[in-house]
Amino acid sequence: MTIWNPQLSGQGPLYRQLAQAIGQAIEQGELQPGQRLPTHRALADQLGVTVGTITRAYSEAEHQGWVNARVGAGTYVREAAEEPALSWHIRQPDPARIELWQNLPILQDRENSFRDAMESILATSGRINALMEYSSVNGELSQREIVCQWLHQYGFDTAQPERLFFSFGAQNGLLLSLMACGAVGETVLCEGLTYPGLSTLSHSLRIQLKGLAMDDEGMLPQALEKACQSGNYRTLYLTPTIQNPTAVTMSLARRQEILALCERYQLTIIEDDVHGILPEIRPPAMVELAPERVIHLGSFAKNTSAGLRLGYMLVPQHLHTAMSIAVRGSSWMITPLMIELTCRWLQSGQADRMLLQQRKTLRERGELLRHHLSAYQVQYQEGGMHAWLPLPAYWRCQAFVQAANQQGVGVAGAELFAAAHYPSPQAVRLSISHPADNISLDKALRVLRELLETEPTPQWVI
């Protein structure tokens, strides 16, 4: 056990003094990367404080990114090489590497369609000037009507203009939804393995995440019920269609069971459905089953253009005021020009063509994935941008990620997706949409297959 005598400043709450002492000790080299901190009980006895004070101090130090808490193992100074969810970022193109790291939309040439849309806007007398002014908090009614008409084609009958809000992509929509639900400073329930963007926001908003057990359909209803029986929660975040990172999709029966529990325990669901339109066949979105229980998050980033940064939310009536306040407080409005550009693409059929191209390319890439990795129980849903690869017993996750990196292939290890202290499995996520072309993906999958066929050498074992 580490022998460490923290020097407290004497100013402010004890837990903050101790957290600051941890940060200073790391900066001065007194605590080294990978070093285990004293147990909660040992440090509490040493300082003559409660165990709760130590728990809060370690939690604050973890929030600052100085330490990592590992389930059943203790709290450790963060290694420089570790990439926690809060540092999730888009990796820049590198000709020496093939990335399967991020769920980026398939590359498409949008220059002509952008030019056509802008010319259409400019040809409408006075329209560009109107779009350069302040707009309402949820966009113009005519714009919302266009988006809702488009969503109706894809099975979203509950998409009505009065329920639709825009956002700067689904990540911003998640932030706005957490604000509207009053989740800041509270505990939010989620899948045990979850979208890293939620973890990033939880650190910024001082939200505690409680990750719940999962199976091959996603969140287990019995895990949700057990959590609700033992605590007072009001917000549940989940991704029922092509779950990130495990790629599983909830059945209709499972969705109904989850919704029944949320009704019983008065939980608001934030349904992240950014991949929902990509598969041609899928169960109905949860918002279609319980529109007054669900905030539905969608985005044009995955199926049209990431650079637009345009998302949409279908919001229950009782949260309209809270959502309006959240939008006004964070950005006042969503850029009218970007909304209009998207609407022109929807009306012209360009958005449908982009979506069809995404589906076609993802079908091809899914076939490549199955060709190379079907022997390794890889989990993939038609239309998905990513797959989930459980590793053979002789591979540990961090070692496999490192070995793939050494071979010029970037993959995302399971620990990046673990909510709070949820146990991380030995698995990796493969974003098959990230490579520039099918040839690059084929090459990357060959590298991974060769690694899987070979037990790790000692220098790879961590």
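In this predicted model, strands S11 (residues 294–299) and S12 (residues 311–314) run antiparallel and are joined by four bridges. Leu297 has Met313 of S12 as its bridge partner. Strands of a sheet pair through backbone hydrogen bonds, in either a parallel or an antiparallel manner.

S11 and S12 belong to an open sheet of seven strands with mixed pairing, in the order S4-S12-S11-S10-S9-S5-S6. S4 (164–167) and S6 are the edge strands; each has a single partner strand, so one side of each is left without a neighbour in the sheet. From one strand to the next, the twist averages 25°.

Two helices are described against strands of this sheet. Helix H6 (residues 141–152) lies across S4 and S12. H7 packs on the sheet, where it touches S4, S5, S9, strand S10 (268–272), S11 and S12. The table gives one angle for each helix.

| Helix | Strand | Angle between directions |
|---|---|---|
| H6 | S4 | about 100° |
| H7 | S11 | about 160° |

Helix H8 (residues 196–205) is largely enclosed by the rest of the structure, because seven of its ten residues are buried, with buried meaning under 20% relative accessible area. The buried residues are Pro196, Gly197, Leu198, Ser199, Leu201, Ser202 and Leu205. Their cover includes helix H7 (169–180) and the strands S5 (187–191), S6 (208–212) and S9 (235–238). Just after H8, Arg206 adopts a positive phi of about 55°.

Notes: Residues numbered from 1 in each chain as written. Predicted model: local features only at pLDDT ≥ 70, side-chain atom pairs only at ≥ 80, totals over all residues. Heavy atoms only, no water. Buried < 20%, exposed > 50% of the residue type's maximum accessible area, 1.4 Å probe, protein only. Contact = heavy atoms within 4.5 Å. Pairing = 2+ DSSP bridges. Axes fitted to C-alpha atoms, helices over the stretch in contact; angles between N-to-C directions.
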